[in-house]
Amino acid sequence: MTKQTKNQPRNVATKLIESHLVSGTMKTSEEIGLKIDQTLTQDATGTLVMLELEAMGLGQVKTELSAQYVDHNLLQTDNRNPDDHLFLRSACERFGLWFSPAGSGVSHPVHMERFGKPGKTLLGSDSHTCAAGSLGMLAMGAGGLAVAMAMCGEPFYLNMPKVMGVKLTGKLPDWVSAKDVILEMLRRHGVKGGAGNIIEYYGPGLKGLSAMDRHVIANMGQEMGHTATVFPADDAVRDFLRQQQREDDFQRLEADRGATYDLHDEIDLGKLEPLIALPSSPGKVFPVREVAGEPIYQAYIGSSANPGLRDFAVPAMMVKGRQVREGVSFDINPTSRQVLENLVELGHLTDLLSAGARLHQTGCNGCIGMGQAPATDQISLRTVPRNFAGRSGTDEDKVCLCSPETATASALTGVITDPRDLDMNYPVFDEHSTFYVDDRNIRPPAKHPELTVVEKGPNISTLPTFEALPDSLKAPVLLKVGDDVSTDDILPAGSRILPFRSNIPAISEFTYTRLDPTYPERAKEYQDTGSLIVGGDNYGQGSSREHAALAPRYLGVRAVIAKSYSRIHWQNLSSFGVLPLSFVTPENFDSIEQGDELSIEGLVETLKAGDRIVAKNTRNGERYELTHELSERQVRMVIEGGLLNMMRQELAA
């Protein structure tokens, strides 16, 4: 996409980028720098962000607004999680952030409720930060270090994306909702179909989608590997902000008449039907009717992918006066304190509990493997955004992604059920019903940060320092993996592992253990001399957690060679000094075996010169031509051993 003149009609994504562009030109694939207005961090990633801010000597954040949420690591089975919550609260006071404590809710819907503003940029250390695109924001997930830099007032750098325009027409039929819209996009385009793109929705079909419906769609755009999802800020957004008592934050932001897009798609909402993503990929989508009848163990309502009041109210109306089928765990996970209190006020919570639902605390919970794991070899229907194998906490789980309507219908029957087959009328929830607004538990920045003492529990360790990239590298391929390896494969989530998020030596013991339990011990042998990973397409899809780059680097990984990368993980690798290389000839992947030793000479000078890199396989003598997509800034960053090293040198100078 080339930069448009002011007289040319512009789409919403172009307007957002132009208004925040601080470096580069808007030419596809060239690096640009964007001013970031707001940041979002959560407790699974925020502890590292705060340690990074401390390492860089930050006084106060320089964004318009930064908010820290406690929503992932809520289980308090020992001191580690609560200690880190105290650390985060005190760090927020020290650095000038808003603090949302445990119980206030999932970061994305809470941020949308309290802080989201049309026309602003938002960068979050959570891949589903893109959900805020529902309000007409340019919202993107990134590694924690990139977010820390934005909090220091630095631009966020990315390659200029294309804009895919998706025209929506028609109106959703009964029993079909916003989750089915994004599942249809995944059915068409798969988990790699959004790579390098901003997805912008427009057209007459938007009139039937509320702001929270749009949140559902924007949230799971990440499962397509996109850069961001953008919706216009129109009457639906104004209605939402008015409901949240923040109408003054509204500004209209819509595409100009005649605006064009680099890529195109169109969905007639009226032709959609209930859809379901089968284990173990968000892209494995089929009509519910094609798999109906399979017995289920669990039906789970909630998460950042279905966080709105209607996503709980409709299930409540479906089960009112009925009982869920015996043997089905019907799990209700309210996504914010505000949603929970409104469910109480409207009587919906009583209807859910009377039907046999299990009520869980407001937070991410089972979505990130913090409890609610399904039984062995049993189907779990969930309204969450991801169903990567083992993410639920149960190895080789059978997690399916679906709408609240499909999950609830199946809870009533005990088998996967197309909700259109139920003997009831579709319950219509009035989005404009009396609404209680709650923000009393979210703490504003401290008035006297200089008086704050940052509290550090015994589980918090100093960030490791890494040496610069060597000019020659002779290292073994310790692991060879296939396509679509996720960050959950690289460094799993869950209640057993995430409490070590602020202790890199401890959390590194789990690196790649889902794929090869022997990897951490094997890697330690080469921790000082260096090792390599070889991967297929879409390497590093999924979460933005930078631990998936930081832990392998701590164990000695100096370079990854893959067919292609997921955007956020590619950025995280370079941020921590791991060189992300790609095959010029993808077929070379087949001739490399795990255990091979690859030799690269003149690495630093070749990178500086911008030339292609040649790796020699010492086993068979074959030579592989490799390339990279790093900017000059990123090349310097990798050579210096990572972004923190580079920043320390700049600050010292």
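This is a predicted model: local features need pLDDT of at least 70, side-chain atom pairs count only at pLDDT 80 or more; totals for chains, interfaces and linings use all residues.
Reader: Which residues lie nearest the centre of the largest cavity, and how does its lining divide by class?

Author: The lining of the largest cavity is made of 21 residues, and those nearest its centre are His72, Asp126, His128, Ile368 and Arg391. Sorted by class, this lining has 10 polar, seven nonpolar and four charged residues.

Reader: And what surrounds the second largest cavity?

Author: Thirteen residues would be the count in words; in figures, 13 residues line the second largest cavity, with Pro464, Phe466, Phe576, Gly641 and Leu644 nearest its centre. Helix H21, residues 643–652, gives the most to that lining, with four residues. The lining of the second largest cavity divides into seven nonpolar, five polar and one charged.

Reader: Turning to open space, how much of it lies in the second largest pocket, and which elements each supply at least two residues of its lining?

Author: A cavity is a space from which the probe cannot get out, whereas a pocket is open. The second largest pocket holds about 610 Å³ of space. It is lined by 26 residues, of which Asn159, Ala195, Gly196, Tyr565 and Glu629 are the closest to its centre. Strand E8 (156–159), helix H18 (567–575) and strand E23 (579–583) each supply at least two residues of the lining, and the largest share, three residues, comes from H18. By class, the lining of this pocket has 13 polar, eight nonpolar and five charged residues.

Reader: How should I read the packing, and which residues have the most contacts inside the largest nonpolar core?

Author: A nonpolar core is a set of buried nonpolar side chains joined through atoms within 4.5 Å. The largest such core has 130 residues, and those with the most contacts inside it are Met50, Leu53, Leu138, Tyr519, Tyr539, Val560 and Leu579. Helix H5, residues 144–151, gives the most to this core, with seven residues. A second, separate core of 40 residues includes Ile276, Ile296, Ala299 and Met424.

Reader: With which residues is valine 560 in contact, leaving aside its neighbours within four places in sequence?

Author: Valine 560 is in contact with Ile533, Tyr539, Tyr565, Leu573, Val578, Leu579, Pro580 and Leu581, once those neighbours are left aside.

Reader: Let us look at helices; why can H6 be called largely enclosed by the rest of the structure?

Author: Nine of the 12 residues of H6 are buried, and therefore the helix is largely enclosed by the rest of the structure. The buried residues in H6 include Ala178, Asp180, Ile182 and Leu186. Helix H6, residues 178–189, reaches 17 Å from its first C-alpha to its last, close to the 16 Å expected at 1.5 Å a residue. Just after H6, glycine 190 takes a positive phi of about 75 degrees.

Reader: What covers the buried residues of helix H3?

Author: The cover includes helix H2 (43–55), strand E4 (65–69) and strand E5 (98–100). Among the buried residues in H3 are Asp84, Phe87, Leu88 and Ala91. Just after H3, glycine 96 takes a positive phi of about 90 degrees.

Technical notes
Residues are numbered from 1 along each chain as its sequence is written. Side-chain values use heavy atoms; hydrogens and water are left out. On a 1 Å grid over the protein atoms alone, a cavity is a set of points where a 1.4 Å probe fits but cannot get out, and a pocket is an open set with protein on both sides within 12 Å along at least five of seven lines; lining residues have an atom within 4 Å of a point. Grid points are joined across faces, edges and corners, and a volume is the space filled by probe spheres set on the points. Ala, Val, Leu, Ile, Met, Phe, Trp, Tyr, Cys and Pro count as nonpolar, Asp, Glu, Lys and Arg as charged, and the others, Gly among them, as polar. Buried means under 20% relative accessible area, exposed over 50%, partly exposed in between (1.4 Å probe, protein chains only). Contact means heavy atoms within 4.5 Å. The expected span of a helix is 1.5 Å times one less than its number of residues.
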